[in-house]
Amino acid sequence: MVKVVAAAIGCWAIAAAVTASAEPPAGAASCTGCHPASTRVTSPVVRLSGLERDAIVKALQEFRAGHRAATVMDRIAKGFTDDEIQAIAAWYAAQR
Ligand code: HEC
């Protein structure tokens, strides 16, 4: 079941990247492979949409610096510059 849900989210992320590539900033579509885009998906990984912009920026910077415990986010956050983090955080904060 978890695998099915994860696969479904993964497909959505790929579809979103293809169909709405002009909308989300670089890298933002990759997040929904793990962070659910829909409120109807139950997952231990939090939804990003609607989180405070500053909270997303702070979390990513702490993950990147190794100051916040992580299983995967430390490695993911290292792939983004400060500008990219700002753009991704602003975009998710503006989503419903
Ligand atoms: C491979 C799965 C995966 C991907 C892809 C992913 N995340 Fe995460 N994210 C997690 C997990 C798991 C956690 C919990 C911390 C940990 O274990 O690393 C987390 C935690 C977070 C948190 C902290 C949430 C909180 O309030 O505790 C933020 C913010 C976040 N991710 C943002 C992002 C952004 C932005 C992206 C895309 C650039 C992204 N994540 C991509 C799995 C993922």
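Let me begin with the largest nonpolar core, which has 11 residues: Ala28, Ala29, Leu48, Ile56, Leu60, Phe63, Ile85, Ile88, Ala89, Trp91 and Tyr92. Such a core is a set of buried Ala, Val, Leu, Ile, Met, Phe, Trp, Tyr and Cys residues joined through C-beta atoms within 7 Å; buried means that 20 or more other C-beta atoms lie within 10 Å of the residue's own, with C-beta atoms placed from the backbone. At least two core residues come from each of helix H2 (28–31), helix H3 (53–65) and helix H5 (82–94). H5 gives the largest share, 5 residues. Helices here are DSSP runs (H or I, at least four residues), numbered from the N terminus.

The model is a predicted one: local features need pLDDT of at least 70, side-chain atom pairs count only at pLDDT 80 or more, and totals for chains, interfaces and linings use all residues. Residues are numbered from 1 along each chain as its sequence is written.

I turn next to the ligand. Its shell holds 18 residues, and the closest are Cys31, Cys34, Ala70, Thr71 and Met73; the criterion is a C-beta atom, placed from the backbone, within 6 Å of the molecule. H2, H3 and helix H4 (73–77) each supply at least two shell residues, with the largest share, 3 residues, coming from H3.

Finally, confidence. The mean pLDDT of the protein chain is 86, and 77% of its residues reach 70 or more; pLDDT is the predictor's confidence in each residue, from 0 to 100. Over residues 17–22 the pLDDT is below 50.

Conventions. Buried ≥ 20, exposed ≤ 12 C-beta atoms within 10 Å, placed from the backbone. Contact = placed C-beta atoms within 7 Å.
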